[in-house]
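Let's walk through this model together, one chain at a time. Keep the structure open beside the text and follow along as the elements come up.

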Amino acid sequence: MTAAPPDNAATLEPRQAAPRDTARTGDRPAVELRGVTKRFGTTTALDSIDLAIGKGEFFSLLGPSGCGKTTTLNLIGGFESTSSGTLLIDGKPVQDIPAHARPVNTVFQSYALFPHMSVADNVEFGLRMKKVPKAERRRAALEMLKMVSLAGFEERRPSQLSGGQRQRVALARALVNQPAVLLLDEPLGALDLKLRKQMQLELTRLQRQVGITFVYVTHDQEEALAMSDRIAVMDHGRILQIGTPAEIYGAPANRGVMEFIGSVNTFEGRVESVAGGRATVAIDGAGPVAAQADVGAAVGDRVAVLVRPERIRMSATPTAASGFSLAGTLEKIAPLGFVTHCTVQLPNGIEVLVFRLNNPDGSGSEIFAEGQRVFLWWDHTDGRMFPANTRIDSTGTPQVASPLGRPT
Amino acid sequence: MGRRILLTYGVLGFAFLYLPIAFLVLFSFNDYIIPSLPFRGFTLKWYRELGYDFVLHEALYNSLFIAACTTVVSTVLGTLAAFPLVRCTFRFKQTGQLLVILPMIIPHFLMGVALLLFFAFVKLPLSRMTIILGHVVFTLPFAVLIVSTRLYGFDRTLERAAGDLGASPLRTFWHVTLPLILPGVVGAALLVFTLSMDEFLITYFVSGQKGTLTMYIWSLLKDGIAPRVNALASVLLGGSFVLLLIGAWVLDRGRSGAPKRTAVP
């Protein structure tokens, strides 16, 4: 509960603009999409996407399945062609260049290792296609295998490797070509949880080491937050927000992003008063709460107040500290190690999720029992206000988001 | 008790399948002009006789030549045909698949007559060429089917991966696709070769002056069963057996190296 205030608007604005004028890298971007649209028949998979990925960046495309993230990857890789718009790799338009001639390599979800070749032959394949001499490419392959901790495995067949090892071979096979951009299509999706965590660390380490731009597609928000320099949150063929993990989590540009990333409690109600950056919102059937007042929020507007579970405070007695408290019944306590998940039911039937950190010294932690009457409150800066009618599918890109969706 | 009955049943089943062949081989070594019991002593003279039979040599050469040509043409055409029939979507695809498979179930007798009429119509003189054409017609479906089964299990992400690593479509086919479907292609070739060597009816209709091995054996049988035929059949059996072993070995190698995975859409 000690994280920095979430809505650090000052850092959000310039960072979002950064990729466009490439101030971040001081160089032309590794990949740039300008108004790229992709249609399959009558359905629009990508709707005029603008995106610039800096050199050496670990960039994630995050979103639910069908959001267009894999299509974006396929366009960059050359496996699909754009319907309209410009696609640049290293500053050069590549729409008319076939996949095998692009300076891009891919790590596939199914690894796609060649089953009839040894591990070394798999890794050498790209260099062999470039007609690199045998001795030289063997040396490069062995070096790469060492880098992914697979030295000594070069004569094995892919069928003799575990899932994690195949994953490393796929990485080595792509990286040995030193591509301008490495595309990764949910590469950890087939691994079990423990191995996935380990590979996350290893991937970020490897990326730092080789300095190659990674474009990483995932639907796992935790994975994206843990590994990326920047994330583009996508839905329905559009980009909802581009930002660092901290920005995406702490200062979501709109309701869609906030609801997709992490857990969130949503309260719908009407703005009662606005004063000095603080708004009071009357929640339907549950009394007033405080929220950060954003531009465009007028008294009487219908809004949704979104609060992260770890930002909600809970006590056995009402408190005056925040100016409001919601009364409810503690329905369920689920201790999950370092954090306890509590479910509180409000009189209007809404269930509120509250995360409480279990401090080792026990300080500041009251003991609660299930069925007990409790009071909830939060700092007004932790309550984020969005227009009530926007859902994840109707929110626009950050550029066209309604004024309520942007922090001031 | 139950095991005993099952065992007897199994032995009888295999005996029914293989006893005639065992007798055929046995009598090829029997020192008597009529292949019948009792066994009168071991001899290799029927095999030696094969060595002097120049008509047989020509027939064998014809058969091998025809089978080899048929194998090359049918396997190449069958492999090429399998790709669109498995991978592409086009109008009348199912009709197309059906039409390719159909010659498999048309009686050879009918096909022989039809081919003879056709060759007469286009004024193509009967020769080894017409036999090869006839054999291609009836073996092609087998080749298409065998290569197709291999293609259905093919993970196309592998081809995308090859392209991603800088291989042009042609090199992708050569380095990735062909090695992986090779067991299917070799299997198809072996089957086509065997079918062509075996074929009698179509060959009979379209052969003209050129006799094949099957036709020669048939001509021998007109004068009763000669021990020479037994010897010849035993030699052919041995040859087929070797081919079978090679085929099994190739298929087995292909299988152990290629874990199947369905393509990711």
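In what order do the 4 strands of the open sheet that includes S1 of chain A lie? The order is S2-S1-S4-S5, and the pairing is antiparallel. Before going further, a word on conventions: this is a predicted model, in which local features need pLDDT of at least 70 and side-chain atom pairs count only at pLDDT 80 or more, while totals for chains, interfaces and linings use all residues. Residues are numbered from 1 along each chain as its sequence is written, and chains are lettered from A and ligands numbered from 1 in the order in which they are written.

Strands (E, at least two residues) and helices (H or I, at least four residues) are DSSP runs, numbered from the N terminus. Two strands pair if DSSP finds at least two bridges between them. In the sheet just described, strand S2 (43-53) and strand S5 (92-93) of chain A are the edge strands, each pairing on one side only. Strand S1 (residues 31-40) of chain A is joined to S2(A) by 7 bridges, and the two run antiparallel.

Now step back to chain A as a whole. Its secondary structure comes to 9 helices and 20 strands. The chain is divided into domain 1 (9-255) and domain 2 (264-390), with bounds that come from an automatic or database domain assignment. The C-alpha centres of domain 1 of chain A and domain 2 of chain A lie 39 Å apart. Of the 408 residues of chain A, 43% count as buried; a residue is buried if 20 or more other C-beta atoms lie within 10 Å of its own, exposed if 12 or fewer, and partly exposed in between, with C-beta atoms placed from the backbone.

Another sheet of chain A is an open one of 5 strands, in the order S13-S12-S11-S14-S20 with antiparallel pairing. Its edge strands are strand S13 (287-292) and strand S20 (384-387) of chain A, each of which pairs on one side only. At one end of the order, strand S12 (residues 278-283) of chain A pairs with S13(A) in the antiparallel sense over 6 bridges, and A:Ala279 stands opposite A:Ala291 in S13(A). The hairpin of S12(A) and S13(A) has 3 residues between the strands, and A:Gly285 in this hairpin takes a positive phi near 75°. At the other end, strand S14 (residues 302-307) of chain A and S20(A) pair in the antiparallel sense over 4 bridges. There, the bridge partner of A:Val303 in S20(A) is A:Pro387.

A:Ala282 lies in strand S12 of chain A. Is A:Ala282 buried, exposed or partly exposed? A:Ala282 has 15 other C-beta atoms within 10 Å, so this residue is partly exposed. Two residues are in contact if their C-beta atoms, placed from the backbone, lie within 7 Å. Not counting residues up to four places away in sequence, A:Ala282 touches A:Gly269, A:Arg270, A:Glu272 and A:Pro288. A:Gly269 is 13 residues from A:Ala282 in sequence and 5.3 Å away in space, C-alpha to C-alpha.

Chain B is built otherwise, with 11 helices and 0 strands. The C-alpha atoms of chain B fill a box of roughly 70 × 65 × 35 Å, taken along the principal axes. Buried residues make up 32% of the 265 residues in chain B. Among contacts in chain B between residues at least 6 apart in sequence, 80% join residues at least 24 apart.

Where do the chains meet? In all, 20 residues of chain A are in contact with 19 residues of chain B. The largest share of the side of chain A that touches chain B, 3 residues, comes from H3(A).

Finally, consider confidence. The model scores ipTM 0.73 and pTM 0.74. Over residues 257-265 of chain B the pLDDT is below 50. Where pLDDT is low, the predicted coordinates should not be read in detail.

Terms used. pLDDT = per-residue confidence, 0-100.
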